[in-house]
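Open the model in a viewer and keep the sequence panel beside it. This tour says what to select next and what is there.

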Amino acid sequence: MESYIKNIEHSTVLPLASQVEYQTGQIASKTLAQNKSHSLTLFAFEQNEEISSHKSTGDAFVMALDGMGKITIGDKEHVLKTGEAIVMPAQIPHAVYAVERFKMLLVVIFPEN
């Protein structure tokens with residue numbers, strides 16, 4: 001049987017935040033699933049690390065798993081804390097900055113062709 005979700009144990013209850021580890025001075029990521037319709041990725045940002053402003057063709061759902069991050073969508077900044085979520089709409093520039101160490105789950109849903 002083919003597995004569509006990878007890099008994570010199946011049929012086991014797991015603390016999601018512990019599935020990606022902080023790495024000094026960088027952003028760590030672990031892709032769990034990706035194809036033309038979606039992408040599912042865990043991120044761990046060291047404090048003050050960032051993904052600069054960019055656009056996506058899909059809507060991006062961010063769930064904060066640990067710490068605090070600043071999400072910029074267009075010209076508006078949002079602070080996201082553990083347990084909170086936000087949607088970054090398709091085609092709107094957005095960025096992520098780690099105010100403190102920050103882990104997140106990113107789910108991007110791309111439009112059907």
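A contact, in this tour, means heavy atoms within 4.5 Å. Select threonine 72 to begin: not counting residues up to four places away in sequence, threonine 72 touches Glu77, Pro93, His94 and Ala95.

Two notes on reading the model come before the next stop. The model is predicted, so to speak of a local feature requires pLDDT of at least 70, and side-chain atom pairs count only at pLDDT 80 or more, while totals for chains, interfaces and linings use all residues. Residues are numbered from 1 along each chain as its sequence is written, and side-chain values use heavy atoms, with hydrogens and water left out.

**The whole chain**

Show the protein chain as a cartoon. The chain has zero helices and seven strands; these are DSSP runs numbered from the N terminus, with helices being H or I of at least four residues and strands E of at least two. Read along the sequence, the pattern is β-β-β-β-β-β-β. The C-alpha trace spans about 45 × 35 × 25 Å along its principal axes.

Now colour by accessibility. Of the 113 residues, 34% count as buried; buried means under 20% relative accessible area, exposed over 50%, and partly exposed in between, with a 1.4 Å probe and protein chains only. Among contacts between residues at least 6 apart in sequence, 62% join residues at least 24 apart.

**Strands β4 and β5**

Return to threonine 72, which is found in strand β4. Threonine 72 is buried, because its relative accessible area is 19%. Which residue of β5 is its bridge partner? Select glutamate 77, the bridge partner of threonine 72 in β5.

Next select both strands, β4 (residues 59-73) and β5 (residues 76-81). They run antiparallel and are joined by six bridges; two strands pair if DSSP finds at least two bridges between them. The hairpin of β4 and β5 has two residues between the strands, and there glycine 74 takes a positive phi near 65°.

Move to lysine 30, in strand β1 (residues 27-34). Is lysine 30 buried or partly exposed? Lysine 30 counts as partly exposed because its relative accessibility is 25%. Leaving aside neighbours within four places in sequence, lysine 30 is in contact with Asn7, Gln19, Val20, Leu40, Thr41 and Leu42.

The side chain reaches the backbone oxygen of glutamine 19 at 2.8 Å, and a polar atom of the side chain lies 3.4 Å from the backbone oxygen of asparagine 7. A polar contact is a pair of N or O atoms within 3.5 Å; within protein, one must be able to donate a hydrogen and the other to accept it, and residues adjacent in sequence count only if both atoms are side-chain atoms. The C-alpha atoms of lysine 30 and glutamine 19 are separated by 8.1 Å, and the two residues are eleven apart along the chain.

Step across to glutamine 19, in the segment before β1. Glutamine 19 counts as buried because its relative accessibility is 16%. Its side chain makes a polar contact with the side chain of serine 18 at 3.3 Å, and a polar atom of that side chain lies 3.4 Å from the backbone oxygen of proline 15.

**The rings**

Select the aromatic side chains. How many aromatic pairs does the structure hold? It holds two. The ring centres of phenylalanine 43 and phenylalanine 45 are 6.0 Å apart with planes at 35°, so this pair is tilted. Rings of Phe, Tyr and Trp (its six-membered ring) pair if their centres lie within 6.5 Å; planes under 30 degrees apart count as stacked, over 60 as edge-to-face and the rest as tilted.

The rings of phenylalanine 45 and phenylalanine 102 also have their centres 6.0 Å apart, and their planes are at 45°, so this pair is tilted. The pair links distant parts of the chain, with phenylalanine 45 in strand β2 (residues 38-45) and phenylalanine 102 in strand β7 (residues 94-109), 57 residues apart. Ring pairs link Phe43, Phe45 and Phe102 into a cluster.
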